Amino acid sequence: MRLVTVILLLACSPALRAQADKDFNVCQAAGAEITRQGGTTSPQQEFCIGYVYAFGRGVPRDMSAAVKHFRSAADRGYVPAQAVLGLNYANGLGVAQNWAEAVRWYRKAADAGHGGAAANLGQCYQNGTGVPKDRNEAAKWYRIAMDHGDPHAPGLLVALNGSQPTGSLQRTNTSGSGKVVYAEETLARMNLPPNMTAQQIWEMAASLDQQKRFAESAGAFLKCSDMGNMKCTSSLGHMYDQGIGVPLDRTRAVWYLTRAANGGNRGAQHQLGVYWEEGEVLPQDMKKAMEWYMKSAQQALPEAQRRIGLAYEIGEVVPRSRPLAIEWLSKAGAQGDGLSAEIARLLSNPNTPARFRDIDEISAYYAKLFQQQVALHSVHVSGGGGFNGAAYAHNNAVSAYYAAGNPAGAATCAATPSCRH
């Protein structure tokens, strides 16, 4: 089971999160008694004593004491402790923040095969923290992290420059049915009329999509994507994100969506925002998420406008501003987004509380105001809906508002290529 405390410790450096869950599994049963053991302790025991102090398992939480034991284990070659010690230095947890030391410990762990540490080292090179900025070195360490099974590394590599990572696509999830093939294979079997323009192929692909001939539409989207049509590139990315007509392949999804987003496609920009916010395909980074949401919102995508509006209401990355929240939500509402219109109306009401701390608090207020809970139905436009998936799962009352304000819902949109742009 994932530890909430582990997530809190690692929130500032999510590339290690999945690996650290596994690393700390050896300490799950550890409590205060482990700190009272006599005699010589093993490196793993030292690591677990650090864990006990870091998370207050039967003892007062003490990050300085935790670092002392992590360092003892790390100095004796215990790789998970080296990775966590790098995390402590990167985030100033129990020690003064020191990026050079963070890099040193990440490198020790990465050289020993720790995938999360390798991914974090790649991010240090990408961002120029503790080492000179070097995209080639970042890519090298992302590939090493991939080889050691880090789940975020493939997405980090393609997001680095929007280019296909050599060999990485074979490491992603694919359909087990054997009936779904990559778009290249479908396109090779298609006999497209000669001399078609990219726009004509787009229209053909959209028609095939609406007919639910998804494999053929993916092949056609690939063709017009190769011709430089960003709508096609975005649509193909969304198909790989959902496994529609092609294998479920989030690395390819990031690849196509990054190309389309950099080419100005608003739907792809929004989906990249979702990836950075949810922290599943890419490491969680709310600053990057909001940058992509804002790009999309400025091109009038309602889902992105809604997310920016909510960010202004709760002061998430951007400064808190209810007037700006209402402005962005109203823009989305004016385009027929029922959920945004309802939230804007509520925030404009003088009887509404002056501040909501987070999305869950908005949901709780709705639930109390209308004294009802409704069955959750998923709102998942272009892979992300308006709230990110994790937050939306806690907002049943808000879902009711969406249903009331926009009965067509997202399901219809999800099947229509035009909604991806």
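Predicted model: local features only at pLDDT ≥ 70, side-chain atom pairs only at ≥ 80, totals over all residues.

Colleague: Where is Asn229?

Modeller: Asn229 is in the loop between helix H12 (214-226) and helix H13 (230-242).

Colleague: Buried or exposed?

Modeller: Asn229 counts as buried, because its relative accessibility is 11% and the cut-off for buried is under 20%.

Colleague: What does the side chain of Asn229 reach?

Modeller: Two backbone nitrogens: that of Lys231 at 2.9 Å and that of Cys232 at 3.1 Å. Leaving aside neighbours within four places in sequence, Asn229 is in contact with Ala198, Gln199, Trp202 and Cys224.

Colleague: On to H16. How many of its twelve residues are buried?

Modeller: Nine, so H16 is mostly covered. Among them are Met286, Met290, Trp292 and Tyr293.

Colleague: Which helices do the buried residues of H16 pack against?

Modeller: H7 (115-127), H14 (250-262), H15 (266-278), H17 (302-314) and H18 (322-334).

Colleague: Different topic. What is Leu347 in contact with?

Modeller: Leu347 lies in helix H19 (residues 338-348) and is buried at 4% relative accessibility. Outside the four places either side in sequence, its contacts include Glu313, Arg322, Ile326, Leu329 and Phe356. The C-alpha atoms of Leu347 and Ile362 are separated by 9.9 Å, with the two residues 15 apart along the chain.

Colleague: How many salt bridges are there?

Modeller: The count comes to 13. One of them joins Glu101 and Arg104, with the closest N and O atoms 3.0 Å apart.

Colleague: How far apart are Glu101 and Arg104 in helix H6?

Modeller: They are three residues apart, so about one helical turn separates them. Arg104 is partly exposed at 36%.

Colleague: What about Glu327?

Modeller: Glu327 forms a salt bridge with Lys331, with 3.6 Å between the closest N and O atoms. These two are four residues apart in H18, again about one helical turn. Both are partly exposed, Glu327 at 38% and Lys331 at 35%.

Colleague: Which residue does Glu361 bridge to?

Modeller: Arg357, at 2.9 Å between the closest N and O atoms. Glu361 is partly exposed at 22%, whereas Arg357 is exposed at 65%. Elsewhere, shared partners join Glu277, Arg307 and Glu316 into one salt-bridge network.

Technical notes: Residues numbered from 1 in each chain as written. Heavy atoms only, no water. Buried < 20%, exposed > 50% of the residue type's maximum accessible area, 1.4 Å probe, protein only. Polar contact = N/O pair within 3.5 Å; in protein donor to acceptor, adjacent residues only side chain to side chain. Contact = heavy atoms within 4.5 Å. Salt bridge = Lys/Arg side-chain N within 4 Å of Asp/Glu carboxyl O.
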